[in-house]
Amino acid sequence: MVAAVVSHVAVVSADRLLRKRWVDALNDCAGQVHEGDNGFGLRFIAVSDPDRTLALAAGDGLLQAVIIDTSGVEDPGALV
């Protein structure tokens, strides 16, 4: 039995391949918790731009966290 999604975690990166692989791996790991039922209800979402992240935050109220890949950001401190 698969648990219902109770929260989202956005993974923000300008690198499409990194974003896809990272999110796929995180969702695979979440699916293995509690013998494959994703008991925590986490769903990782790949996001390429800040506007989409803000839309998720304003959307269904399920956005719990944001992970930001700062490798392509000139001034990572400006994100805080």
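**Exercise 1: The whole chain**

Work out what share of the contacts between residues at least 6 apart in sequence join residues at least 24 apart, then describe the overall layout of the chain.

*Solution.* Step 1: for contacts in the protein chain between residues at least 6 apart in sequence, the share joining residues at least 24 apart is 65%. Keep in mind that you're looking at a predicted model.

Step 1: now tally the secondary structure, and you get 2 helices and 3 strands. Walk along the sequence and they come in the order β-α-β-α-β.

Step 2: check the surface. The chain has 80 residues, and 22% of them are buried.

**Exercise 2: His8**

*Solution.* His8 sits in strand β1, which covers residues 7–12.

Step 1: compare with the cut-off. Buried means under 20% relative accessible area.

Step 2: Skipping neighbours within four places in sequence, His8 touches several residues, including Arg43, Ile45 and Leu62.

**Exercise 3: Ile67**

Find the strand that holds Ile67, and say how far Ile67 is from Ser13 in sequence and in space.

*Solution.* Step 1: Ile67 belongs to strand β3, residues 63–68.

Step 1: count along the chain, then go through space. Ile67 and Ser13 are 54 residues apart in sequence, while their C-alpha atoms are 8.7 Å apart.

Step 2: check the contacts. With neighbours within four places left out, Ile67 meets Val9, Ala10, Val11, Val12, Trp22 and Leu26.

Step 3: Ile67 has 28% relative accessibility, so it counts as partly exposed.

**Exercise 4: The salt bridge**

Count the salt bridges in the structure, and explain how Asp24 and Lys20 are placed in their helix.

*Solution.* Step 1: there is 1 salt bridge. The side chains of Asp24 and Lys20 form a salt bridge, with 2.6 Å from N to O.

Step 1: Oppositely charged side chains can pair when their charged atoms come close.

Step 2: find the spacing. Both Asp24 and Lys20 are in helix α1 (residues 16–32), 4 residues apart, about one turn of the helix.

Step 3: Asp24 has a relative accessible area of 35%, so it is partly exposed. Lys20 is partly exposed too, at 44%.

How values were computed: Residues are numbered from 1 along each chain as its sequence is written. This is a predicted model: local features need pLDDT of at least 70, side-chain atom pairs count only at pLDDT 80 or more; totals for chains, interfaces and linings use all residues. Side-chain values use heavy atoms; hydrogens and water are left out. Contact means heavy atoms within 4.5 Å. Buried means under 20% relative accessible area, exposed over 50%, partly exposed in between (1.4 Å probe, protein chains only). A salt bridge is a side-chain nitrogen of Lys or Arg within 4 Å of a carboxyl oxygen of Asp or Glu.
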